[in-house]
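Good morning, everyone. I would like to take you through one structure today, strand by strand, and then turn to its ligand.

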Amino acid sequence: MTIEPGEATGMRPAAGLGDPSRALWHPFTDMTSTSPPVEMVRGEGVWLWDAEGNRYLDGSSSLWFANVGHGRTEIADAIREQLSRLETFHIFGDFTNPPAEQLAGRLASLAPMADAKVFLTSGGGDSIEAAVKLARLFHAVRGEPSRQYVISRSGGYHGTHGIGTSILGMPFREGFGELVHATSRVEWDSAEALEGEITRLGSERVAAFVFEPVIGSGGVLVPPEGYLEQVIATCRRHGVLAIADAVICGFGRLGSWFGVERWGLEPDLIAFAKGVSSGYLPMGGVIASAAVAEPFFERPGQMFAHGATYSGHATCCAAALANLDILARDDLVHRAARIERDFHDRLSTLRSHALVDTVRGGIGLMAAVVLDGEALEERPSLARDFWLASRRRGLLTRSLGDGAAVAPPLIVDDADMETIVGCLGAALDDVDPG
Ligand code: PLP
């Protein structure tokens, strides 16, 4: 499989990433790089085209968000319709707007918690910020202000805002000075470690535990059997709020609305983003259980003094509603659960390649092709080389420390899956020194 030429636009910038002629500063990127950026100009379904006309299969749903695929005119129409009526008006105080009302109502009815309330944001990091502040405030207004500690997991990623950076289980915390106090991390796969940490800190000092049902950016780490049920029970026992970070796992990625249903979990708070709008416009939020919302909805004068200008942005909400319509109408939300075995089995055929150690995943449409440990040690650039080789072969993945993550749009079909496995196999051959 090679890159197929599409319609060339000739718009691709020739300058390297860090060229003085360019002003754009890329996130998480070494801006001294001299290689020119890949400029994406068009998308349709699982496919993307760059400015040179090269076609790629979007094997990572961009940054894990393009759940319904690219180029959906229904969503574009909903956006246009809302923009021409009223772009937005804020929802602070007693103002509201119809799309924000509808979106909150819809998400509350889909949530695994009864009588849930929905606080809207603009993305995943925003949602984590809101969820953790709300958890701390919840305890404070109920007379336990000492409950401030937030425990998260090694390998976890929760965005790059102040709190998200502070609770990160990955190495991107250095150099930013003092971060948010009263946070700690436990081993990602040990329920005993959580119990031990709560005991060590004293449960009267612990506000919340934050977890991704399946850890995404940290490497597609599926929890051991029974782990999630056990940590939720531990949280309940100690009065600690369980915050599910469903930013990647929600909206069909794991084959259910919020991912957590796969284990029958009812967290106290769910942070969501990405697939709620499939990236057509920025959107995110927090779903709170009735018990967490109670002090704020029953006690006059007690408010959540938090929120950003674009909370409940009418056009972003309209885009999310149109996206939810597609997920429900085409039953995309449950599709990953139906095809996860096939997806995983096909990727697992790559294990016969000498450079592949294993394939992580198995739940929903998210997996990691993990490279051989010795080969990685011998050649530290191997994972990145593999990712680049896949891209040259026309497949976009996410580079991980030990391999590549694959999480295609939920519309992926048989032929697409064959293409994904074919490109990965060819890319492995490309980087195989043997
Ligand atoms: N939480 C998880 C699990 C994520 O994967 C991400 C982003 O990848 C975030 C939070 C942060 O979301 P955002 O980049 O929209 O702030």
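This is a predicted model: local features need pLDDT of at least 70, side-chain atom pairs count only at pLDDT 80 or more; totals for chains, interfaces and linings use all residues.

In the hairpin of β2 and β3, four residues lie between the strands, and Gly53 takes a positive phi near 90°. Residues are numbered from 1 along each chain as its sequence is written, and side-chain values use heavy atoms, with hydrogens and water left out. Strands (E, at least two residues) and helices (H or I, at least four) are DSSP runs numbered from the N terminus, and two strands pair if DSSP finds at least two bridges between them.

Strand β2, residues 47-50, pairs with β3, residues 55-58, in the antiparallel sense over three bridges, and Leu48 stands opposite Tyr56 there. On its other pairing, β2 runs antiparallel to β1, residues 40-44, with four bridges joining them, and Met40 stands opposite Asp50. That hairpin has two residues between its strands, and Gly45 in the turn has a positive phi of about 65°.

Which residues of β2 lie on each side? Trp47 and Trp49 are on one side and Leu48 and Asp50 on the other, and all are buried, where buried means under 20% relative accessible area, exposed over 50% and partly exposed in between, with a 1.4 Å probe and protein chains only. In a regular strand, side chains alternate between the two faces of the sheet.

Let us move on to β8, residues 241-245, where five of the five residues are buried. Leu241, Ile243 and Asp245 point one way, whereas Ala242 and Ala244 point the other way. Strand β8 pairs in the parallel sense with β7, residues 206-211, over four bridges, and also with β9, residues 269-272, over three bridges. Ile243 is the bridge partner of Val210, and Ile243 also stands opposite Leu269 in β9.

Finally, the ligand: among the residues surrounding it are Gly125, Tyr157, Asp245 and Lys274, each with a heavy atom within 4 Å of it. The protein covers 81% of the 390 Å² of accessible area that the ligand has on its own, as computed by the Shrake-Rupley method with a 1.4 Å probe.
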